[in-house]
Amino acid sequence: MPRPTGAAHGRGAAGIYLSLIVLIPLAAVVSKGFDNGWDGFWSAATSPASVSALKLTVVASFIVVAINGVTGTLIAWVLVRDDFRGKSIVNSLIDLPFALPTIVAGLTLLALYGPRSPVGVDVAYTRIAVGLALLFVTLPFVVRAVQPVLIELDRDMEEAAASLGAGPLTVFRRIVLPNLWPAILAGVALGFARSIGEFGSLVLISGNLPFKTEVSSVFIFGQIESDRVAAAAAVSVVLLAISLVVLLAISALSRWAGRHDA
Amino acid sequence: MTPSRVSRITLRTVALGYLAVLLAAPVGLVFYRTFEHGFGPAWQAVTTPEALHAFWLTILMVLVAVPANTVFGVITAIALVRHRFPGRALLNAAIDLPFAVSPVVIGLALILVYGEGGWFGSWLADHGIQVIFATPGMILATMFVSLPFVVREVMPVLREIGTEQEQAASTLGASSFQTFWRITLPAIRWALTYGVVLATARALGEFGAVSVVSGKLQGQTETATLFVEQRFHQFDLTGAYAASFVLAMLAIATLLSMNLANRRKRVAS
Amino acid sequence: MPKSPSRIRIAAVAVALAALAAGVAACGSSDSKLSLVVYSTPQEAYEQLIPAFKKTAAGKGVGFNQSYGASGDQERAVEAGLKADVVALSLAPDVEKLVKAGKVDASWDEGRYHGFVTNSVVVLATRKGNPKHIKTWDDLVKPGVEVITPNPFTSGGARWNVMAAYGAQLEQGKSKQQALDYLDNLFKHVPVQDKSAREALQTFVGGKGDVLLAYENEAINAQQKGQSLDYTLPDQTILIQNPAAVIKDSKHLKDARAFVDFLRTDQAQKIYAGKGYRPVVPSLVDKSKFPTPPQLFQIDKLGGWSSVTDEFFDPDKGYLVDIEKAKGVPTAK
């Protein structure tokens with residue numbers, strides 16, 4: 001059915017666009033990372049402070065997206081299948097973590113969950129704060145990925161299963177969830193990538209303590225500030241490589257889940 | 001699926017509780033701080049010529065970056081879901097990479113390519129085109145950070161709806177454009193909506209990458225988020241919060257207008 | 001399925017739109033104004049200095065583009081091609097980088113004031129009324145005292161604080177090792193290390209910590225902005241000098257030079273002083289507002305910035321890395 005020429009044209013245009021905006025600049029970063037050869041790259045990427053920041057970033061990102069996968073799906077389900085007063089208001093708030101300037105996000109999180117917290121919760125300058133800030137800025141991803149799939153999902157199957165005596169949980173697990181997996185994983189992948197690179201909202205509330213709450217993007221910023229652009233690029237390349245591996249794994253998982261249940 | 005009333009309410013409570021702690025409280029605080037000293041100071045803060053120019057510039061960036069990313073996103077999503085080609089898995093993973101790059105590094109990357117002494121720097125300079133420290137560079141940064149959304153939103157739905165209807169239409173003699181317009185587009189419209197809304201919100205709120213390539217010239221290359229930071233530095237928190245409030249409102253307005261367009265389309269079809 | 005010539009058309013339109021925006025922007029930015037690239041803190045001083053300059057004979061009819069941001073960011077932007085005629089940065093090493101990049105003439109620091117337009121010192125900012133009676137460097141390392149200072153790896157400004165603390169020990173007759181031990185001890189009292197000086201101040205006024213290491217001008221600026229804090233000038237502290245320089249390939253060299261010269265006139269120096277900076281013109285320093293601490297030292301006494309940067313702030317082997325590491329270990333995974 002596809003007429004190859006048209007599809008090829010579209011792909012070509014998309015490829016040029018992706019190259020100009022993303023791939024060529026990223027290639028520049030990679031090339032900069034190897035400015036001082038392989039040794040320079042390796043020593044920059046494996047310095048103790050860098051490794052500590054990388055570990056924190058990756059571990060925190062994993063935890064955050066795992067939480068996102070569950071809460072995001074739940075929120076999407078409530079927004080699509082449930083009905084209550086004020087639902088549309090809740091729905092319109094979901095995207096705000098993106099629209100708020102990161103410095104303001106940092107300020108408000110600090111005001112709410114910092115030393116002068118009105119609710120008595122002070123997690124500022126700890127690793128929990130890192131997680132909290134990341135949860136805030138990645139909140140929309142899974143919700144917005146799952147929502148449209150749930151809207152489009154045919155409910156006949158669910159009703160059929162229910163009429164055959166399957167409980168709600170079984171219906172969700174056997175019928176709904178398999179259809180949602182690709183969307184959940186797509187949202188998780190985006191959230192993971194965003195967590196890896198996040199900077200602005202973290203800097204105020206995390207405290208940036210090296211070896212403790214300093215994430216990679218702050219470490220990278222410090223390298224740039226110390227005139228070590230090549231080292232900054234090297235750490236970025238490591239982050240990119242980790243992300244790429246994780247993203248490939250997630251997309252493989254997504255394909256596997258899709259094939260398995262379809 | 002019809003879960004019992006109790007479990008429905010439990011789920012609702014958990015979801016809303018989570019949102020209240022993580023989302024509504026911070027956003028509510030921004031709104032509160034904006035109008036803490038009344039409507040007047042907030043209004044004044046966002047209607048200075050500098051502020052208005054900053055908003056205008058931000059909207060310009062959204063108007064260029066989001067449509068470009070939408071077109072790219074739909075084409076790429078269709079290619080990734082409906083076609084098999086070499087490097088597909090890699091491309092699929094690479095789409096998300098813009099997020100994994102720290103904002104300062106995005107700025108750095110753009111400077112390395114389009115800046116003075118960069119890969120394309122001298123060619124651009126010879127042709128009198130200034131990209132970095134001017135609007136084009138800031139648009140590039142905005143496109144970079146908001147690129148993955150539409151692709152990622154549309155792909156799961158495309159996969160979910162399958163190709164039966166499209167095939168049927170094309171068997172009945174519909175051109176591929178007709179098939180896209182009549183069958184595919186209506187099916188992905190909610191995904192497209194959320195992709196566009198997310199990309200818009202992200203483009204509105206982007207700070208780090210834009211800040212590096214803007215040069216921060218007051219009244220010229222200062223976007224709304226840069227304006228917010230500059231107000232913060234001047235201890236004008238009302239101004240900073242008020243400008244954030246406007247950005248939040250712009251994001252909500254985008255969502256509402258997309259929803260409206262969606263509903264109208266559904267009524268029409 | 002997708003043939004879609006129309007989608008390609010849409011893409012073409014989008015690209016054209018982007019190009020149009022590019023064209024418009026490119027035209028808009030070419031004017032005959034003086035471009036001023038300045039670090040964040042003195043913004044308000046410049047908002048008064050510019051109109052004052054325009055009233056002088058040399059400044060008549062001169063227009064200005066202004067950019068304010070973190071000193072290091074601004075320096076990198078100019079190096080990467082941000083159009084500038086005059087730069088005013090927070091520390092001399094940032095101007096030296098521009099000399100290396102060929103943007104500023106090496107002779108910028110010649111002349112009576114060595115290229116500087118303002119001075120300041122590192123002070124100890126405390127809560128209103130100084131409830132913990134923090135007056136000396138030793139008070140900072142007493143049990144239970146929390147010290148706020150930005151992360152020395154991300155904030156150029158924080159490096160002045162570190163060197164002030166270190167140099168103050170040497171001034172008190174301590175050995176180099178004792179001074180390093182003091183730094184080690186001091187950083188154990190630092191619960192937060194913000195990215196920049198402004199954010200550290202935000203953290204402090206937000207309720208964290210007992211004392212903030214800050215520049216005198218920033219402490220004064222914060223007070224003028226209604227922030228609730230006091231500050232103490234310790235007996236030993238470092239002299240901070242803020243440079244301004246002309247970009248050598250400026251198209252408005254004459255106006256740029258006139259402006260930098262103007263910054264050192266009595267009139268301009270008084271405007272700076274009003275915003276908390278110590279004038280570089282000695283006769284204008286109001287001793288009641290800006291007393292000279294008994295043991296004021298300069299960075300040159302510690303070896304100058306280039307050697308200090310390697311010794312202390314090298315991200316691989318500087319002293320600060322070990323200090324941070326020792327601090328982070330107990331809680332690190």
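Colleague: What makes helix α3 (residues 71-79) of chain C count as mostly covered?

Modeller: Eight of its nine residues are buried, and buried is the word for a residue with 20 or more other C-beta atoms within 10 Å of its own (12 or fewer is exposed, in between is partly exposed; C-beta atoms are placed from the backbone). The buried ones are C:Ser71, C:Gly72, C:Asp73, C:Gln74, C:Glu75, C:Arg76, C:Ala77 and C:Val78. By the way, this is a predicted model, where local features need pLDDT of at least 70 and side-chain atom pairs count only at pLDDT 80 or more, while totals for chains, interfaces and linings use all residues. Residues are numbered from 1 along each chain as its sequence is written, and chains are lettered from A and ligands numbered from 1 in the order in which they are written.

Colleague: What do the buried residues of α3(C) pack against?

Modeller: Their partners include α11 (216-225) of chain A and, in chain C, β1 (34-39) and α6 (156-171). Helices and strands here are DSSP runs (H or I, at least four residues, for helices; E, at least two, for strands), numbered from the N terminus.

Colleague: Why are α9(B) and α11(B) called roughly antiparallel?

Modeller: Their axes cross at roughly 165°. Angles over 145 degrees count as roughly antiparallel (under 35 is roughly parallel, 65 to 115 roughly perpendicular, the rest oblique), so roughly antiparallel is the name for this pair. The axes are lines fitted to C-alpha atoms over the stretch in contact, with angles from 0 to 180 degrees between N-to-C directions, and they come within 7 Å.

Colleague: Which residues of α9(B) meet α11(B)?

Modeller: Among them are B:Phe149, B:Val154 and B:Ile161; contact needs C-beta atoms, placed from the backbone, within 7 Å.

Colleague: How do you know whether A:Asn208 is buried or exposed?

Modeller: Count its neighbours: A:Asn208 has 28 C-beta neighbours inside 10 Å, so A:Asn208 counts as buried. A:Asn208 sits in the loop between α10 (200-206) and α11 of chain A, and its phi is positive, near 50°, though it isn't a glycine.

Note on methods. Two residues are in contact if their C-beta atoms, placed from the backbone, lie within 7 Å.
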